[in-house]
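Welcome, and please open the model in your viewer. We will go from one selection to the next, with a short note on what is there each time.

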Amino acid sequence: MAQLIDAIVYAIPYLMSGLGMTLLVSLIVVVLSLVAGVVLGVGLIYGPLSLRWLIRLLTDSIRGIPILVLIFAVYYGLPPLGLNLSSFWAAVLALTLFKTAQVIEYTRGAVSSIPRGQMEAAKSIGLIFGQRLRYVIFPQATRRFLPPWVNGVTDAVKGSALVSLLGVVDLMQAINQVIGRTYEPMPLYLLGAVMYFAINYSLSSLSRVLERRYAYIKE
Amino acid sequence: MGYQLSFNQIWRNFDKLTNGVILSLELAVIAILIGALIGLALAVIYVSSGRVVRAIISSYVEFIRNVPLLLLVYLAFYGLPTVVNLAYDASTSFIATLSLYAGAYLVEVFRSGLEAVPKGLLDAGKAMGLTPWQRLLYVRLPTMTRITLPALSNTFISLFKDTSIASVIAVPELTWGAQWINNRTFRIVEVYAVTTVMYLVTGYAILFGLRLLERRFRVER
């Protein structure tokens with residue numbers, strides 16, 4: 001038992017710095033995918049037909065590929081084509097592609113749930129397209145966008161564990177490294193699971209709170 | 001200096017990929033079958049039990065859903081055998097993990113499916129003199145199955161993609177096949193291009209088939 005506690009005490013600093021990397025990767029992915037996803041999501045609804053088809057093709061392809069394959073394809077596949085990315089940025093790029101496809105869907109769902117009359121009313125009082133989005137559509141769509149989006153952040157955190165396979169020392173990789181030294185796999189995997197759980201459970205609980213908070217919105 | 005595409009090496013080792021797809025599909029099918037049993041049993045227990053049992057089922061669901069699958073795979077394959085006297089090969093370990101993983105997602109699917117069965121149907125069953133067990137078997141479950149069919153197909157597709165994670169414990173599925181070819185031939189771009197297309201084509205072919213099935217059994221509402 002004392003040995004076990006020693007192993008855990010020894011592991012904590014490594015796991016904490018790994019956790020920092022996990023959070024950093026997740027944060028960058030979440031921010032980039034939010035921007036790209038909302039822009040492309042709006043394009044998917046209001047864009048010309050050719051653009052809509054292109055975005056559809058992009059999201060449906062990304063959603064059909066396992067994240068792990070996406071990560072390997074970006075990391076190993078881009079350098080021969082002349083684009084050298086470090087393992088960190090390759091992982092971030094791959095996860096961002098995956099998350100962007102998700103955010104596009106959330107955006108499409110949220111915006112298309114706003115009754116058509118809102119857009120027409122905004123048009124009739126003379127707002128230009130950007131204003132219509134900014135003052136009429138987005139404030140209403142945000143309430144529908146937020147709960148699934150917050151819940152989807154857990155997918156970024158969970159997906160970020162795959163960056164360990166490229167050698168990025170995130171929480172997952174830190175756990176494996178410590179196990180390599182202490183040969184105590186079970187307590188460390190459980191400890192890691194608890195850490196992931198703490199982050200993701202907070203996010204999914206927040207999502208449920210938001211959902212309840214905005215439940216008053218009915219058609 | 002350009003990179004010359006050459007697919008020869010890929011076609012020469014193509015059996016690694018075709019066998020890989022087949023194994024991926026097998027893993028996903030077994031996992032969804034076992035997962036559906038777990039999910040269904042727990043969902044039925046959930047809707048008909050008190051607070052304590054519900055809390056236990058919820059904690060299983062929440063634990064699995066909030067921890068990366070990769071960690072669960074490592075935990076089951078490298079972690080578990082050190083504390084319990086258990087020896088299993090990588091495939092068995094992965095199937096067990098993926099089934100428990102699928103089960104956690106399917107509990108939610110079946111639970112909301114059971115709750116979506118119209119109350120009138122159950123009352124009608126009661127009026128006909130069916131026992132509670134018969135009402136579950138002949139009224140609630142068949143109706144629930146039709147309601148949950150779309151969610152089941154989505155879960156299956158998602159499990160098919162998740163089988164790629166089995167490559168980290170050297171289960172020879174599609175992603176592992178890709179790595180195998182890559183390690184020997186270094187035709188990196190080609191092998192991932194082919195693998196990606198194989199995942200996409202297989203995934204969408206299955207999805208198309210399942211959607212036809214869903215249309216056949218759709219519940220008119």
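Two residues are in contact if their C-beta atoms, placed from the backbone, lie within 7 Å. Keep that in mind for the first stop, and remember that you are looking at a predicted model. The model scores ipTM 0.90 and pTM 0.90.

**Stop 1: chain B by itself**

Hide everything else and select chain B. Its average pLDDT is 90, and 98% of the residues score at least 70.

Along its principal axes, the C-alpha trace of chain B spans about 80 × 45 × 25 Å. Of the 221 residues in chain B, 39% count as buried. Here the contact definition comes in: among the contacts in chain B with a separation of 6 or more, 79% are accounted for by residues 24 or more positions apart.

**Stop 2: where the chains meet**

Bring chain A back. In this interface, 28 residues of chain A are in contact with 30 residues of chain B. To see the chain A side, select α2 (49-64), α3 (67-77), α6 (129-159) and α8 (185-213) of chain A, the elements that give two or more residues to the side touching chain B. Which of them gives the most? That is α8(A), with ten residues.

You will find 20 nonpolar, seven polar and one charged residues on the side that touches chain B.

**Stop 3: a pair of helices across the interface**

Next, select α3(A) together with helix α9 (residues 188-216) of chain B. These two pack at an angle of about 160°, and their axes are 9 Å apart. Angles over 145 degrees count as roughly antiparallel, which means that α3(A) is roughly antiparallel to α9(B). Look along the pair as well: α3(A) passes α9(B) in a left-handed crossing.

Finally, show the side chains at this contact. From α3(A), select A:Val69, A:Phe72, A:Ala73, A:Tyr76 and A:Gly77.

Conventions. Residues are numbered from 1 along each chain as its sequence is written. Chains are lettered from A and ligands numbered from 1 in the order in which they are written. Helices (H or I, at least four residues) and strands (E, at least two) are DSSP runs, numbered from the N terminus. Ala, Val, Leu, Ile, Met, Phe, Trp, Tyr, Cys and Pro count as nonpolar, Asp, Glu, Lys and Arg as charged, and the others, Gly among them, as polar. pLDDT is the predictor's confidence in each residue, from 0 to 100. A residue is buried if 20 or more other C-beta atoms lie within 10 Å of its own, exposed if 12 or fewer, and partly exposed in between; C-beta atoms are placed from the backbone. Axes are lines fitted to C-alpha atoms, for helices over the stretch in contact, and angles run from 0 to 180 degrees between N-to-C directions. Angles under 35 degrees count as roughly parallel, over 145 as roughly antiparallel, 65 to 115 as roughly perpendicular and the rest as oblique. A crossing is left-handed if the near helix is turned anticlockwise from the far one by less than a right angle, and right-handed if clockwise.
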